[in-house]
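Colleague: Hey, can you walk me through this one? I'd like the overall picture before the details.

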Amino acid sequence: MATKSKGAQRFKKMSMSPKEYQSFAKTKEPPRSIFANCVKAFVVGGAICVLGQAIQELFVHLMGMSNEQASNPTVAVLILLSVILTSLGVYDKLAQWAGAGSAVPVTGFANSMCSAALEHRSEGLVLGVGGNMFKLAGAVIVYGTVAAFFVGIVHLILGTGGQ
Amino acid sequence: MLRGKQSWWFEKRPVIIGEATVVGPDEGNGPLAADFDLVHPELDMQQKSWEKAERLLLEQASEFAIQNARIDRGQVQYYVGGDLMNQIISNSFAARSLGVPYIGVFGACSTSMETLALASLIVNSGSGSHVLAGTCSHNCTAEKQFRYPTEYGSQKPPTAQYTVTGAGAAVVAAEGEGPVVECATIGKIVDLGIKDPFNMGAAMAPAAVDTIQAHFNDTGRSPGDYDLIVTGDLAGVGHPIAKDLLLQNNVPMNDTVFGDCGLMVYDVEKQKVQAGGSGCACSAVVTYGHLLKRVKKGELNRILVVATGALLSPLSYQQGESIPCIAHAVAISAGKE
């Protein structure tokens, strides 16, 4: 095949090294306000906790439970609310605004499991829902358990925790 | 025929005789809504899975493109297609319904122009007289495969992009009425070490720059020869970077209009799409839906579409690899000398 090349190499090649480019690209990222994000997370996270407290008070005052007895059903109600909001497609939109505020409470944990279960329903109940439900939540459980183990050891050494 | 180092010159002047685009609800709420052949009001398109919905988009776009070309399906000799899914399943399944000889390619979001270039090459070489090129993407399949479940509440950074739900297909023919595919430049992988999968615009910008410069070096053309040059999906972060790099390299980009499909497909100010659109369908629906209409109306005489692709996988970025990127450019003209 004949090659016809007009005015080859009229424009110079990229002169930036990868390091230079990465720092150049960094300067082009739109700023992300940490302060505004913290405030939003505080407000939403706090609101979820206030709601939890209100539910607990209802169990204590209307159903005559002790504070300790009321804590499990309270968590269950929050999980149920989170699952409903996730299924309605609302929770992810709230999370885009709230950030850590909706991720940290128990509702965020429920959302991670419910969203994975919904997403993988098309692959069947066992391999789809069963196999993927802990896709995101699994890491929380693993490292939660590992962290609890080390905290337990620290308590043992200091003689503080336990009975 | 080969021109320069990495460009194909189509001297037989293959013609896009018919094209079609099908999109989802967010694109239907965007500024280009009127240009698409079909807008689905729901993301699931009454299918049982996101993957089936994506496949449906491509099947419909191919069907409409063949109708718009006023040919029979039996006249299509080859179908060249690709998408973002693992093993490009959307295309393989759509090609099963289409029932024509099929060449599957993977170029991530650069697939739109990769398939158009290959289809034009087949026609130009006389290996086919009617070749269909197509691609598709779906916001939810991409989220599911590359990121998190669609309903998972994670906050996306402002550099993230929103995968376009849609499909675009075009019939390239040896003869007929329509915009002419003049030449194509096939890109090299460029990887400057960006590792953040939520900042693909910045990762892909150098690939676009490399291909645009190679195109001008190979063809002897300049930005001023084009009424419009668009990148595929660099969006709000990547596109200004690409422009800066080109100007730094003394490419006179101010002689033309330099745009980006990812910034055209949505109203970036009003729609919640972070930096803008992305995905295989992004450049496909903007080019086949919007730009070719403008070329046919005579508003644009010659355009260069530089589709950009981030060739990462969930596995590669979790293993800490950077993002290899590519861009393919195709020059399309009104065909009237």
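Colleague: How many helices and strands are there in chain B?

Modeller: Keep in mind that this is a predicted model. Chain B has ten helices and 15 strands. Its radius of gyration is 18 Å, close to the 20 Å that the globule rule gives for 337 residues, so chain B is as compact as a globular protein of that length. Along its principal axes, the C-alpha trace spans about 55 × 50 × 35 Å.

Colleague: And what share of the residues of chain B count as buried?

Modeller: 62% of the 337. As for contacts in chain B between residues at least 6 apart in sequence, 80% of them join residues at least 24 apart.

Colleague: What radius of gyration does chain A have?

Modeller: It's 25 Å for chain A, while a compact globule of 163 residues would be near 15 Å. The C-alpha atoms of chain A fill a box of roughly 90 × 45 × 35 Å along the principal axes. In chain A, 20% of the 163 residues count as buried. Of its contacts with a separation of 6 or more, 54% come from residues 24 or more positions apart.

Colleague: How many residues of chain A are in contact with chain B?

Modeller: 40 residues of chain A, and they touch 39 residues of chain B. On the chain A side, α1 (18–27), α4 (91–98), α5 (100–103) and α6 (106–119) each supply at least two residues. The largest share, seven residues, comes from α6(A).

Colleague: What's that chain A side like by class?

Modeller: It has 16 nonpolar, 15 polar and nine charged residues.

Colleague: Back to chain B. Which domains does the assignment give?

Modeller: Domain 1 covers 2–173 and domain 2 covers 181–333. Their C-alpha centres lie 17 Å apart. The contact takes 56 residues from domain 1 of chain B and 58 residues from domain 2 of chain B.

Colleague: Which element gives the largest share of the domain 1 side?

Modeller: That's α4(B), with seven residues. Other elements giving two or more residues to that side include β3 (15–23), β7 (130–137) and β9 (166–173) of chain B. By class, the domain 1 side has 27 nonpolar, 20 polar and nine charged residues.

Colleague: How many residues are in the largest nonpolar core?

Modeller: 122, and those with the most contacts inside it are Val172(B), Ala208(B), Val285(B), Val305(B), Val306(B) and Val330(B).

Colleague: Let me pick one. What is Val305(B) in contact with?

Modeller: Leaving aside neighbours within four places in sequence, Val305(B) is in contact with Met113(B), Val230(B), Ser283(B), Thr287(B), Ala329(B), Val330(B) and Ile332(B). Val330(B) is also listed among the residues with the most contacts inside the core.

Colleague: You mentioned β7(B). Is that strand mostly covered or mostly open?

Modeller: Mostly covered: eight of its eight residues are buried. In a regular strand the side chains alternate between the two faces of the sheet. In β7(B), His130(B), Leu132(B), Gly134(B) and Cys136(B) are on one side, Val131(B), Ala133(B), Thr135(B) and Ser137(B) are on the other, and all are buried.

Colleague: Which strands pair with β7(B)?

Modeller: Strand β5 (residues 78–83) of chain B pairs with β7(B) in the parallel sense over six bridges, and there Val80(B) stands opposite Ala133(B). β9(B) pairs with β7(B) in the antiparallel sense over eight bridges, with His130(B) opposite Ala173(B).

Colleague: And how many bridges join β3(B) to β9(B)?

Modeller: Eight, and the two strands run antiparallel. Val23(B) stands opposite Gly166(B) in that pairing. β3(B) is mostly covered too, with nine of its nine residues buried.

Colleague: What's the bridge partner of Val23(B) in β4(B)?

Modeller: Val39(B). Two bridges join β3(B) to β4 (residues 38–39) of chain B, and those strands run parallel.

Terms used
Residues numbered from 1 in each chain as written. Chains lettered and ligands numbered in written order. Predicted model: local features only at pLDDT ≥ 70, side-chain atom pairs only at ≥ 80, totals over all residues. Helix = DSSP H or I, 4+ residues; strand = E, 2+ residues; numbered from the N terminus. Rg over C-alpha atoms; globule rule 2.2 N^0.38 Å. Buried ≥ 20, exposed ≤ 12 C-beta atoms within 10 Å, placed from the backbone. Contact = placed C-beta atoms within 7 Å. Domains from an automatic or database assignment. Nonpolar A, V, L, I, M, F, W, Y, C, P; charged D, E, K, R; others polar. Core = buried A, V, L, I, M, F, W, Y, C linked by C-beta atoms within 7 Å. Pairing = 2+ DSSP bridges.
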